[in-house]
Amino acid sequence: MANTANNFGRMGRSVNDHKLRIGNNLYSVEAMQKSHSDDSAMWGVTRPDSKEIGILVDGAPLGILLNTYIHEPLHAICAEHRIDMPREQEERVVTSMADGIQQLIVDNPHYLDQLVKLVKEARKQLQ
């Protein structure tokens, strides 16, 4: 994790570089290249200090890509909400939550439609 800001490299498959608001901060979400990963089993990385999320897209099967896109922001949520736990425990919790959310979405595609509808209604009320 010695990479500096904006040093993930650019890849294009299924993940476009963008920002996610998590808590009061904007995280840069960027596709990263395999060479930036020191762990061959690692498909993504979250760096709360620099507000970066990197997603490995090169060679990632679509299911892994989907799971990683859910998984990495959960790490940022832990950091932003100061959910402090040992790294191994956080990884187990985040992995279980990402797996569950992915299964919910895959098994119930209409769920996202309903969620988007509710978010739009909530945002109208806030304006």
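My ground rule for elements comes first: helices (H or I, at least four residues) and strands (E, at least two) are DSSP runs, numbered from the N terminus. I am working with a predicted model, where local features need pLDDT of at least 70, side-chain atom pairs count only at pLDDT 80 or more, and totals for chains, interfaces and linings use all residues. Residues are numbered from 1 along each chain as its sequence is written, and side-chain values use heavy atoms, with hydrogens and water left out.

**Entry 1, the sheet.** I looked up the strand order and found an open sheet of 4 strands, β1-β2-β4-β3, with mixed pairing; two strands pair if DSSP finds at least two bridges between them. β1 and β3 (44-47) are at the edges with a single partner strand each, so one side of each has no neighbour in the sheet. From one strand to the next, the twist averages 20 degrees. For angles, I note that axes are lines fitted to C-alpha atoms, for helices over the stretch in contact, and that angles run from 0 to 180 degrees between N-to-C directions.

**Entry 2, the pairings.** β1 (residues 18-22) and β2 (residues 25-32) run antiparallel, joined by 5 bridges. Isoleucine 22 sits opposite asparagine 25 of β2. Their hairpin has 2 residues between the strands, and there glycine 23 takes a positive phi near 65 degrees. On to the parallel pair: β2 and β4 (residues 52-56) are also linked by 5 bridges. Here serine 28 has glutamate 52 in β4 as its bridge partner. Helix α1 (residues 62-80) packs on the sheet and touches β1, β2, β3 and β4, its direction making about 160 degrees with that of β4. Contact means heavy atoms within 4.5 Å.

How do α2 and α3 cross, and at what angle? The axes of α2 (residues 87-107) and α3 (residues 109-126) come within 4 Å and cross at roughly 100 degrees. That makes the two roughly perpendicular, a label for 65 to 115 degrees. On the α2 side I listed Leu104, Ile105, Val106 and Asp107, and on the α3 side Pro109, Tyr111 and Leu112.

Which helix gives the largest share of the lining of the second largest pocket? It is α3, with 6 residues. Both α2 and α3 supply at least two lining residues each. Among those lining this pocket are Ile101, Leu115, Val119 and Arg123. On a 1 Å grid over the protein atoms alone, a pocket is an open set of points fitting a 1.4 Å probe, with protein on both sides within 12 Å along at least five of seven lines; lining residues have an atom within 4 Å of a point.

Notes: Parallel < 35°, antiparallel > 145°, perpendicular 65-115°, else oblique.
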